[in-house]
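Subject: Structure handover and notes

Hello,

Here is the structure we spoke about, followed by my notes on it. Please read them with the model open.

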Amino acid sequence: MTTSRTVAERAVTYGSVAAASALVGAGSVWVGGATYFARRVLTPDPIRPDDTVVHVVHTDSVTLSGTDDILVPGRYGLWLDGGRGHARVGGVLEVDHRRRRVRRELLGVDRGTLQPGPARFNGYYWGRDPQADLGLATEEVVVPAGLGPMPAWITPAPHGTGDRWAILVHGRGAQRIEAIRAVPALHEAGLTCLVPSYRNDGEAPVGPDGRYNLGLSEWRDIEDAVSLALARGAQEIILVGWSMGGAIVLQFLDRSPLSSVVSRAVLDGPVVDWGDVLKHHADLHRVPAPVSHLGSALMGQHWAKRLVGVSESVDVARTDWVARAEELHHPMLLIHSRDDEFVPVGPSEALAQARPDLVTFEPWSLARHCKEWNVDPRRWNAVVADFVR
C-alpha cells in the first residue's frame, strides 16, 4: 500500500526532475542564442544590400527614399547597379514627410547611369579609385603579409620630405575606399598615404577562420603595412582608423614592436570598448541580456573556439581601452559624433576624460556612424590636418 509520504516524495522527485529538465532546456536555448549572437558579430557580410530607392532624377537633384541616413545634412555617395555605378549627392533641398522622400543636390555621376531604381547610400562619398575620382597620383601595391598579398594604394604627398606616412585603416564591413575622403587633408599636412586592405574585408586573403577578430588578429596585417612603409622610406607613421579600424589601431599600438615608429593616431567613430558596442546592439535587437553576455563570454573562451567558429579566442575584455587607459602611450585625436547610432560615443568620451594628457576629443553632432567628414568636411579636414601637422 502506498502511503501519503511516498506519494509526496514521488511528487517532489518528479517535480525536481521536470524543473531540472526545464532548466537544461532553457540553458540549451541560451547557449544556442549566445552562439548565434557571437557568430553574427564575428562573421563578415559579403553582400551589402541596396537600402535606397531613386525616384526622380534631374540634372541638378535627385529624389530618394530609404534609411534615416538620407535625411542627414552633408555629402554622400550612391552605389548604383549593384556597385558598378556611383553618384555623389549633396545638401538636402526638400523633404516630403508624408511620402518619406528627400530631394538632394546631385553633385556628379562618376560612373554608370543614375536612373530610378534601387541604390545604396554610403558615407564614402568618392568612388573606387583615388586617381580617377580625386586626381590623386596613386600607386597600386601589394603588402606582403603573413596570410598572403594584400592590395593597397600609396598616394604620395605632393609636398614634404616623403618620410612622414599615414596608414589608413577602414572599418568593419567596409573596404579601403572608405579612407579616400581623408587623403586630401593628410596630403595637406605633408603625409604620404598608404591605404591597405586586411583579412576578411573582401579584397585581402581570408583569415584562418574567415571571421573578424575585432582587431585582436587584424593588427598583424597593419603591422605588415607599417613594415612596407618603413621599407619605402617612412621614418614616422601616423595611424588613422575608422570604427573597427580604430580598434585595430589600438591593438597594434599595444602589441606590435613597431609601435615605436608611430607618433600619433587619429580615430574616427572608433570602437574603444567592444563590450559596450555589443551591449548596444543587443539592446537594439532585443537580445536578452543573459544571451548577449554569454555570447561575449564565449568569444573569449579557449574551449568555445570551435563553437563560435574562431581559430583564436576573441577576448572582448582586451578591447576595453577605458579600463586599460593607463596602458596607452600615443597621442590620439578622437572624432566621434554624439548621434552615432552604431558605435555609442560614451567610451570615447570616457577615454578622453581618463587620459586628457594624451587624448584630444572632437565631438560632432548630427553625423551618423563614421560620417563626421560628410556632415562637415571643412571642419574635419582642418582638425585632422592641424593634429597631424
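Buried means under 20% relative accessible area, exposed over 50%, and partly exposed in between, with a 1.4 Å probe and protein chains only. By that rule arginine 88 is buried, at a relative accessible area of 13%.

This is a predicted model, in which local features need pLDDT of at least 70 and side-chain atom pairs count only at pLDDT 80 or more, while totals for chains, interfaces and linings use all residues. Residues are numbered from 1 along each chain as its sequence is written, and side-chain values use heavy atoms, with hydrogens and water left out.

Overall

The protein chain has 389 residues, of which 51% count as buried. Its secondary structure comes to 11 helices and 14 strands; these are DSSP runs numbered from the N terminus, with helices (H or I) of at least four residues and strands (E) of at least two. The C-alpha trace spans about 100 × 55 × 40 Å along its principal axes. Accessible surface amounts to about 17200 Å², with 54% belonging to carbon and sulfur atoms; the areas come from the Shrake-Rupley method with a 1.4 Å probe, and for residues only the protein chains shown count as cover. Of the contacts (heavy atoms within 4.5 Å) between residues at least 6 apart in sequence, 72% join residues at least 24 apart.

Salt bridges

The structure holds 23 salt bridges, each being a side-chain nitrogen of Lys or Arg within 4 Å of a carboxyl oxygen of Asp or Glu. Three of them are described here.

- Arginine 88 pairs with aspartate 110, with the closest N and O atoms 3.1 Å apart. The partners sit in strand E4 (residues 85–96) and strand E5 (residues 101–111), 22 residues apart. Aspartate 110 is partly exposed at 24% relative accessibility.
- Arginine 164 meets glutamate 236 at 2.8 Å, N to O. Arginine 164 lies in strand E9 and glutamate 236 in strand E11 (residues 236–242), so the bridge ties together parts 72 residues apart in sequence. Glutamate 236 is partly exposed, at 21%.
- Glutamate 341 meets arginine 368 at 3.8 Å, N to O. Glutamate 341 is in the loop between strand E13 (332–337) and helix H9 (346–354), and arginine 368 is in the loop between strand E14 (359–364) and helix H10 (372–375), 27 residues apart. Salt bridges with shared partners join Asp69, Glu341, Arg368 and Lys371 into one network.

Around arginine 164

Arginine 164 belongs to strand E9 (residues 164–169) and is buried, at 18% relative accessibility. A polar atom of its side chain lies 2.7 Å from the backbone oxygen of valine 388. Leaving out residues up to four places away in sequence, arginine 164 touches Ala189, Gly190, Leu191, Thr192, Glu236, Ile238, Val388 and Arg389.

Cysteines

There are 0 disulfides in the whole structure, a disulfide being a pair of cysteine sulfur atoms within 2.5 Å. The cysteine sulfur closest to that of cysteine 193 is in cysteine 370, 17 Å away, which is too far for a bond. Cysteine 193 is buried at a relative accessible area of 0%, and cysteine 370 is buried at 3%.

Surface

Val31, Trp303 and Leu307 form a nonpolar surface patch with about 310 Å² of accessible area together. Patches are made of residues with over 30% relative accessible area and no salt bridge, with like charges joined within 9 Å and nonpolar side chains (Val, Leu, Ile, Met, Phe, Trp, Tyr) within 5 Å. Valine 31 is in helix H1 (residues 4–42) and is partly exposed, at 35% relative accessibility.

Regards

Conventions:
A polar contact is a pair of N or O atoms within 3.5 Å; within protein, one must be able to donate a hydrogen and the other to accept it, and residues adjacent in sequence count only if both atoms are side-chain atoms.
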